[in-house]
Amino acid sequence: MEPRSRPERMTEQKIPLVDRIRAIREKHEYVKRFLDQRVWTPVVGALLACGFAPSLDCDEIPIGESDDLQIALRIVRKWQEQSKPPHVSPREFLAWCGEEAIDTPWIREFQNSERLRSRARISRAPVLLSRVKLESPAQASERDVEFKAGSSASRGASVDGKPPLLPTLAIAVAFDGIGRWGEEGWTADQWKKNLTELAWPRPARVGGGRGRGKTATWDPVLLARLAIEARGIRIKAFRERFQTVKSLAKWRTEWQQFELAVLEYGDVKNLPRKP
């Protein structure tokens, strides 16, 4: 059989800053198109893993001397050596790559997207942060009792099935050092001061903070969204914190849903304000 023509190479485009969000969305749509397929051939999976854009019926690696094509060929051979089936679902192929420690930038791209899709399928919570429901004054008053003691404040409380809210100090420590790109980030003390004095964070305050000894509590994902919109802080600055900071661990799924929504709408500012 004659080898198929060389598939189109997927490359990162050098584009102006104003077009980067559009490029991210296009990349997301491209990955989604392949993940939406019911099955792949191992050749398709291997070429995708190495940064190529194969046809969906591709069944052999094109002849070539590039390192990426050689890696794709080794992936296919490993698959065949294990007597794997000729067709496989994208999820199973990506899981197998993880088990075999096959790691490339594009494998990670597909694995991360599939992981987010899986969590979104499991979760029944709303995707858009615009659907956050604020408490009534009576509900807020009831929880104020919980936050009178510092120990109660550190535990927080959940709202509408969301993870526990975080007190001001926990937010300040978690976001310590985050600031607008190109500028020095805010210290924890600056975050505390700004949360208290500035207007833009207020929609993310979901309880407390209405009198002496009453600790304010916050929705950290909504706060991050507001900071991105009002202060021009980059999403990736907050992404790193939601992935690594222990106090934000229970909010990681909410954050991932927010990122999916941003990809869907192309920009944080495009997200609907109302349900």
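Of the 275 residues in the protein chain, 44% count as buried. Buried here means under 20% relative accessible area, with exposed over 50% and partly exposed in between, using a 1.4 Å probe and protein chains only.

A word on the source. This is a predicted model, where local features need pLDDT of at least 70, side-chain atom pairs count only at pLDDT 80 or more, and totals for chains, interfaces and linings use all residues. Residues are numbered from 1 along each chain as its sequence is written, and side-chain values use heavy atoms, leaving out hydrogens and water.

Next, the fold. The protein chain has 12 helices and 4 strands. These are DSSP runs, numbered from the N terminus: helices are H or I with at least four residues, strands are E with at least two.

Now the rings. How many aromatic pairs does the count come to? It comes to 14. Rings of Phe, Tyr and Trp (its six-membered ring) pair if their centres lie within 6.5 Å; planes under 30 degrees apart are stacked, over 60 edge-to-face, and the rest tilted. One cluster is linked by ring pairs: Phe175, Trp186, Trp191, Trp200, Phe238, Phe242, Trp255 and Phe258.

Last, the cysteines. A disulfide is a covalent bond between the sulfur atoms of two cysteines. The rule asks for two cysteine sulfur atoms within 2.5 Å. The count is 0 disulfides. Take Cys97: its nearest cysteine sulfur, that of Cys50, is 9.2 Å away. Cys97 is buried, at 0% relative accessible area. Cys58 is buried too, at 5% relative accessibility.
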